Amino acid sequence: YMYGDEQEANRYFERWRKLYGSEFRHRKKIEEKWVMSDLAMNQVKNETRMMQFNTMNFIDAMLYRAFLDGMAQGELDVFNKFFNIAKQLHDEHQETKGREYNPDADRGRLELMPWKLVVPYTYAEILKNRVPGRRIPLNVRARIWRMTHYGLRRMVYDIIAPAIYAEAEQLGRNPSLVLPEPPDMDVYRQQQRGRRDQFEGRRKPQTVKQQ
């Protein structure tokens, strides 16, 4: 279910119901009105919080579904559903740093990437066709690109453009139509260089004269 095969997930769910009936963990009843998404999201989300690696896998899976099953299909409600599930788990993990499961662990080691970096990273992986178990046609990725906000596009364009352009040329497509450069990229690049220079300046040790 997490990676989009709802038919297979429901097949296993029905087998599970036949084998074990309608009793669930902690003797909670599975009501008929529950759908597979409710069962999966409430149960799997809670269990994945036990390990940082599992948590990040779950977040990635939800973002994959947000972009592929939501944005690519023009289904904003589907996009929001999975995007919000991912954001909620990320926020919960960052708030606790996983310490309810390992109170002695170093807080910094248990932190995930900031949300503002998680989304661009996973978005770039989708556009580079690196989703586990799924092959995403170039035209679907181009559709996702066109439907994405300029701000997110600018963050990943220089990272993904070489690979996408090479793939488009190999398929006989016009790269600039498949992955058009976002507006104001020159301004964005200049801003990024300024932030990088400022950061590097803070890292450099001061000379006696500067002090």
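1. In what follows, a residue is called buried when its relative accessible area is under 20%, exposed when that area is over 50%, and partly exposed in between. Arginine 189, with a relative accessible area of 21%, therefore counts as partly exposed. The model is a predicted one, and the comments below should be read with that in mind.

2. On the overall fold, the protein chain has 10 helices and 0 strands, so that its elements, read from the N terminus on, run α-α-α-α-α-α-α-α-α-α. Of the 211 residues in the protein chain, 38% are buried.

3. Arginine 189 deserves attention for its salt bridges. The side chain of arginine 189 meets that of aspartate 158 in a salt bridge, with an N to O distance of 2.8 Å; because arginine 189 lies in helix α10 and aspartate 158 in helix α8, this pair ties together parts that are 31 residues apart in sequence. Aspartate 158 is partly exposed, since its relative accessible area is 40%.

4. A salt bridge also joins the side chains of arginine 189 and aspartate 186, here at 3.2 Å from N to O. Both of these residues lie in helix α10, 3 residues apart, which is about one turn of the helix. Aspartate 186 is exposed, with a relative accessible area of 57%. Through salt bridges that share partners, Asp158, Glu181, Asp186 and Arg189 are joined into one network.

5. The structure holds 10 salt bridges, and one of them pairs the side chains of aspartate 184 and arginine 154, at 3.9 Å from N to O. This pair links distant parts of the chain, with aspartate 184 in the loop between α9 and α10 and arginine 154 in helix α8, 30 residues apart. The cut-off for a salt bridge is 4 Å between a side-chain nitrogen of Lys or Arg and a carboxyl oxygen of Asp or Glu. Arginine 154 counts as buried, because its relative accessibility is 18%.

6. Which backbone angles call for a second look? Most residues other than glycine have a negative phi. Aspartate 184, however, has a positive phi of about 60° although it is not a glycine, and asparagine 129, also not a glycine, has a positive phi of about 65°. Asparagine 129 is placed in the loop between α6 and α7, and at 24% relative accessibility it counts as partly exposed.

7. How many cavities of 30 Å³ or more does a search of the whole structure find? The search finds 1, and about 30 Å³ of space lies in the largest cavity. The lining of the largest cavity is made by Leu127, Leu138, Arg141, Ala142, Trp145, Ile160, Ile164, Val178 and Leu179; by class, that lining has 8 nonpolar, no polar and 1 charged residues. Helices α7 (138-147) and α8 (150-170) each supply at least two residues of the lining, and α7 gives the most, with 4 residues.

Notes:
Residues are numbered from 1 along each chain as its sequence is written. This is a predicted model: local features need pLDDT of at least 70, side-chain atom pairs count only at pLDDT 80 or more; totals for chains, interfaces and linings use all residues. Side-chain values use heavy atoms; hydrogens and water are left out. On a 1 Å grid over the protein atoms alone, a cavity is a set of points where a 1.4 Å probe fits but cannot get out, and a pocket is an open set with protein on both sides within 12 Å along at least five of seven lines; lining residues have an atom within 4 Å of a point. Grid points are joined across faces, edges and corners, and a volume is the space filled by probe spheres set on the points. Ala, Val, Leu, Ile, Met, Phe, Trp, Tyr, Cys and Pro count as nonpolar, Asp, Glu, Lys and Arg as charged, and the others, Gly among them, as polar. Buried means under 20% relative accessible area, exposed over 50%, partly exposed in between (1.4 Å probe, protein chains only).
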